[in-house]
Amino acid sequence: MSTASLLRFCALPPLQTLSRSHGLPSSTIHTPLRLHSLPSIKHRSSRTIISMSYRATVPASDRLLAALSYSLPFLNSLHYGRFLFARFPAVGAALEPLLPLIGAYRSLPYASFVAFFALYLGVVRNPVFGRYVRFNAMQAVVLDVLLALPALLQRIFGVPARGLGFRLLEVGYNVIFMIAAGCFLYGLVSCVLGKTPYLPLVASAADRQL
C-alpha cells in the first residue's frame with residue numbers, strides 16, 4: 001500500500017519534474033593553513049579544505065536547520081526512485097513514515113520552486129545565520145541544481161519508451177536516486193552530530209560561491 005502511494009507521488013512526467021529555475025552554489029567550511037612557526041611547510045591556498053568536522057560547538061538550532069536543508073534535494077529526487085520502488089517494495093515501505101510530508105509537498109503548487117528560493121535567499125544569503133548553516137544550505141542547493149540536469153538532458157534527447165534506451169534510463173534513475181538518498185542520509189546524520197558533511201564535487205562547487 002505504501003509503495004503504491006509512493007509511486008503515485010513519483011509518477012510525474014520526467015520533463016515536468018525539475019524544469020524550474022535554480023540558483024547558484026555557495027561554499028564549504030574551511031580554514032586557511034597558517035603555520036608561521038614551521039618554515040618548512042609552505043603556505044597553502046585559502047581555498048584548501050582542511051577537515052570535514054566543524055570544531056566549534058554548533059548550537060542545536062543550527063544543526064537542526066542545516067539538517068533540514070538536505071530534505072529539499074531529497075524530496076526532489078524521489079521521482080528518480082520510481083523504478084526501485086516498483087522493483088523493491090521494501091524500499092517504498094521504508095519511506096512510509098514520510099508519505100504525509102511527501103503528499104503535502106507534492107500537493108502545493110510550485111512548492112519546489114518556492115522552497116528552493118526560500119532556502120537560497122532566506123538562508124544562504126542571509127547573514128543572520130552562521131557559516132555552518134549557510135554552508136550546509138548551499139550544499140543542498142547545489143545538489144538540487146545537479147538533480148535538475150537529467151531533466152534537461154531528457155528535454156534535449158527525449159525519453160525512450162522501450163529497448164536499450166529505456167533500460168539505460170532505468171539504471172540511470174536508480175543510480176541518481178541512490179546517490180541522492182546517500183547524500184541526504186550523510187548530510188542529515190553529520191549535521192545532527194554537529195559535523196560538517198563534505199559531499200564530493202558539491203562542496204567544492206559551493207566553496208567557490210561563498
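The model is predicted, so local features are reported only at pLDDT of at least 70 and side-chain atom pairs only at pLDDT 80 or more, while totals for chains, interfaces and linings use all residues. Residues are numbered from 1 along each chain as its sequence is written, and side-chain values use heavy atoms, with hydrogens and water left out. The secondary structure comprises 11 helices and 0 strands, where helices (H or I, at least four residues) and strands (E, at least two) are DSSP runs numbered from the N terminus.

**Overall fold**

- Along the sequence, the chain reads α-α-α-α-α-α-α-α-α-α-α.
- Of the 210 residues, 42% count as buried; buried means under 20% relative accessible area, exposed over 50%, and partly exposed in between (1.4 Å probe, protein chains only).
- Among contacts (heavy atoms within 4.5 Å) between residues at least 6 apart in sequence, 81% join residues at least 24 apart.

**Nonpolar core**

- A nonpolar core is a set of buried Ala, Val, Leu, Ile, Met, Phe, Trp, Tyr and Cys residues joined through side-chain atoms within 4.5 Å.
- The largest such core has 42 residues, of which Phe74, Leu78, Leu119, Met138, Val141 and Phe177 touch the most other members.
- At least two residues of this core come from each of H3 (60-69), H4 (71-77), H5 (82-87), H7 (99-107), H8 (111-124), H9 (131-157), H10 (163-192) and H11 (202-207).
- The most is given by H9, with 9 residues.
- Beyond its neighbours within four places in sequence, Phe74 contacts Leu95, Leu98, Phe177, Ala181 and Phe184.

**Packing of H8 against H9**

- The axes of H8 and H9 come within 9 Å and cross at roughly 155 degrees; axes are lines fitted to C-alpha atoms, for helices over the stretch in contact, and angles run from 0 to 180 degrees between N-to-C directions.
- H8 and H9 are therefore roughly antiparallel to each other, given that angles under 35 degrees count as roughly parallel, over 145 as roughly antiparallel, 65 to 115 as roughly perpendicular and the rest as oblique.
- H8 contributes Phe116, Leu119, Tyr120, Val123 and Val124 to the contact, and H9 contributes Val133, Arg134, Ala137, Met138, Ala140, Val141, Asp144 and Val145.
- These residues divide into 11 nonpolar, no polar and 2 charged; Ala, Val, Leu, Ile, Met, Phe, Trp, Tyr, Cys and Pro count as nonpolar, Asp, Glu, Lys and Arg as charged, and the others, Gly among them, as polar.

- Ser69 lies in H3 and counts as buried at 2% relative accessibility.
- Apart from neighbours within four places in sequence, Ser69 is in contact with Leu119, Asn136, Ala137 and Ala140.
- Ala67, also placed in H3, counts as buried at 4% relative accessibility.
- With neighbours within four places in sequence set aside, Ala67 contacts Leu188, Cys191 and Val192.
- The C-alpha atoms of Ala67 and Ser190 are separated by 8.0 Å, although these residues are 123 apart along the chain.

- Phe166, in H10, is partly exposed, with a relative accessible area of 30%.
- Tyr110 lies in the loop between H7 and H8, counts as exposed at 66% relative accessibility, and has a positive phi near 60 degrees in a residue other than glycine.
- Leu201, in the loop between H10 and H11, counts as exposed at 68% relative accessibility; its phi is positive, at about 70 degrees, although it is not a glycine.
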